[in-house]
Amino acid sequence: PIAVYDGKADYNNVLTTTKVGTTLEPGQSTIVSVLVPIADLMNGGEISVMLNDNGEAPLDDDNSPIAWNIDNFPTSKYPECNFENNIGSVTPPCQFLCEELQNMDTDYLTIFNQDVTISVDEVWDHKVYIDRGVTVTIRGAVLDVTNVDVIFGPCAGIDFVDGATLRSTNSVYRPCDLNNTWRGLKFNKGNVPSNGMINECTFKNAIKAVDFPQSIFLPNTQNSDVRLTNNLFSNCLRGITGHSVIVTRAVSGNTFQLDNDKPVFNSACNYENNTHYGIVATASEFNEEIAQNDFINNSDDKLVGISFFGSKGTNISNNNFVNNFNGIRIGMSGNSNIEDNTFSLTNADMEVGDQIDMGYISDVRIIHNKFFSARENNVNSLAPGSAGLSAVSVMYGDVINIKENEITGYETGIESKNIKNSNIGENTIDNAWYYGIYNQNPDNVDVACNVIDMELHNNR
């Protein structure tokens with residue numbers, strides 16, 4: 001038998017061919033041919049050839065192993081279509097490609113079936129396929145991806161390093177199988193920060209669609225000059241991710257959308273955190289606005305629109321949050337402005353939390369936002385010391401200004417605990433079920449000039 005193993009899964013057998021039986025007399029030889037289907041073999045897998053069931057070489061009459069060899073077998077770890085002389089390009093496309101590319105004219109298809117580094121400027125066109133587990137690295141060069149369909153196998157992605165630049169407009173980045181996932185675009189810092197303009201593109205089913213990771217070589221925060229405008233992030237686990245990065249361009253006009261056509265991300269490419277985020281950053285700084293973006297959840301999973309931890313200098317304005325678990329979640333951060341955003345909860349069955357949820361923050365302004373909830377609130381089930389579902393929840397903060405917000409239909413309008421030197425004023429709160437403003441352990445907190453209209457209910 002010939003057995004195909006996935007070398008990345010502890011040699012678990014994933015495929016075995018039909019056994020081919022033959023009998024030889026002393027001095028005889030024969031040729032046995034079998035078809036090895038390798039469509040499901042990941043890059044890095046191995047193919048083993050065994051001459052009998054237990055994998056041990058058969059012995060001749062004198063107990064010496066019978067000589068045998070294998071011709072026209074691939075020498076690389078990557079699947080190939082033509083094994084003759086162990087060489088050959090993929091012409092025409094063959095089984096390991098996604099089905100839609102099987103019969104495509106190769107004049108309009110570029111294929112990467114092994115890791116490659118590109119160090120000269122390059123323009124992609126038509127369709128580009130990057131095979132499963134393959135990384136294409138752009139090093140210090142400009143990659144132009146305009147009006148291109150870029151298709152990925154599982155865990156495949158593109159890295160930009162050492163000042164590489166991506167110019168991408170009106171292109172689609174997606175998995176081959178729309179029920180599967182791919183890794184994403186990664187802008188590594190390297191010795192020189194990467195640059196780019198990503199405009200009016202679509203990202204589907206990515207684990208981290210656009211990622212700015214921390215460099216192991218440059219652990220300190222470094223600038224990243226990548227502009228993201230008017231893009232669609234559809235059913236991605238993470239839309240935009242940053243760690244120890246200073247973003248010097250605005251993030252505007254993007255849509256982060258989640259629905260029940262989303263793939264299963266469990267353990268995808270060894271990434272097991274399954275909460276969906278639109279924009280998530282740690283130890284980072286955004287020098288320009290995050291503005292005019294839509295964060296829309298029509299699924300049964302949780303979506304956190306914007307999440308910052310240990311970050312600063314964030315201006316979040318004119319964004320639209322629909323059915324988010326948290327629209328904005330900020331912790332251990334400061335110097336942020338949250339203005340003129342809209343938050344809506346329209347799905348009564350969806351699990352949700354406070355729409356602006358903050359803790360351990362300083363110097364934050366929450367001004368002129370609109371909040372609306374059509375949910376039926378939790379009558380008679382509010383725990384002691386709890387404010388329930390709040391439009392705004394702030395805990396452990398200093399110099400917080402919550403002003404001129406319009407809040408309709410939440411269990412509590414504004415909740416604060418252990419904040420000091422702050423102001424809660426001129427807010428309009430309608431149809432609050434339990435508290436208009438819930439203020440626990442305040443220290444020099446001015447609560448004034450708010451208009452509160454509670455929802456009438458006999459059993460509250």
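I started at Leu166 and found Gly196 of E15 standing opposite. Before going on, I noted that this is a predicted model, where local features need pLDDT of at least 70, side-chain atom pairs count only at pLDDT 80 or more, and totals for chains, interfaces and linings use all residues. I also noted that residues are numbered from 1 along each chain as its sequence is written, and that side-chain values use heavy atoms, with hydrogens and water left out.

**Entry 1: strands side by side**

I looked up what E15 belongs with. Strand E15 covers residues 195-199 and is joined to E12 by five bridges, the two running parallel. E12 (residues 165-169) is also joined to E9 (residues 142-146), again by five bridges and again parallel. In that pairing, Val142 has Thr165 of E12 as its bridge partner. For my own use: two strands pair if DSSP finds at least two bridges between them. The E labels are DSSP runs of at least two residues, numbered from the N terminus, while a helix (H or I) needs at least four.

**Entry 2: the whole chain**

How many helices and strands does the protein chain have? I got zero helices and 41 strands. Next I checked burial, where buried means under 20% relative accessible area, exposed means over 50%, and partly exposed is in between (1.4 Å probe, protein chains only). Of the 460 residues in the protein chain, 47% are buried. The accessible surface of the chain is about 21,600 Å², and carbon and sulfur atoms own 44% of it. Those areas come from the Shrake-Rupley method with a 1.4 Å probe, and for residues only the protein chains shown count as cover. I looked at contacts too (heavy atoms within 4.5 Å). Taking contacts between residues at least 6 apart in sequence, 58% join residues at least 24 apart.

**Entry 3: Ser299**

I clicked on Ser299, which sits in the loop between strand E27 (294-298) and strand E28 (303-309). Is Ser299 buried or exposed? Ser299 counts as buried because its relative accessibility is 4%. Its side chain makes a polar contact of 2.8 Å with the side chain of Asn297. I had to look that term up: a polar contact is a pair of N or O atoms within 3.5 Å; within protein, one must be able to donate a hydrogen and the other to accept it, and residues adjacent in sequence count only if both atoms are side-chain atoms. The Ser299 side chain also reaches the backbone nitrogen of Asp301, at 3.0 Å. Skipping neighbours within four places in sequence, I listed Leu258, Asp259, Asn260, Lys262 and Met350 as contacts of Ser299.

**Entry 4: Met332 and Ser333**

Met332 has a relative accessible area of 49%, so it is partly exposed. Ser333 is at 8%, so it counts as buried.

Ser333 and Ser311 are 22 residues apart along the chain, yet their C-alpha atoms are separated by 4.9 Å. Not counting residues up to four places away, Ser333 touches several others, including Phe308, Gly310 and Ile361.

**Entry 5: salt bridges**

A salt bridge here is a side-chain nitrogen of Lys or Arg within 4 Å of a carboxyl oxygen of Asp or Glu. I counted eleven by this rule.

Asp149 forms one with Lys127, with the closest N and O atoms 2.6 Å apart. This pair links distant parts of the chain, as Asp149 is in strand E10 (residues 149-152) and Lys127 in strand E7 (residues 127-130), 22 residues apart. Asp149 is buried at 13%, whereas Lys127 is partly exposed at 21%. Arg174 is linked with Lys127 and Asp149 in a network of salt bridges.

Asp159 forms another with Arg183, the closest N and O atoms being 2.5 Å apart. Asp159 is in strand E11 (residues 157-161) and Arg183 in the loop between strand E13 (172-175) and strand E14 (184-187), 24 residues apart. Both Asp159 and Arg183 are buried.

Last one for today: Asp363 and Arg365, with the closest N and O atoms at 2.7 Å. Asp363 is partly exposed at 29%, and Arg365 is partly exposed at 22%.
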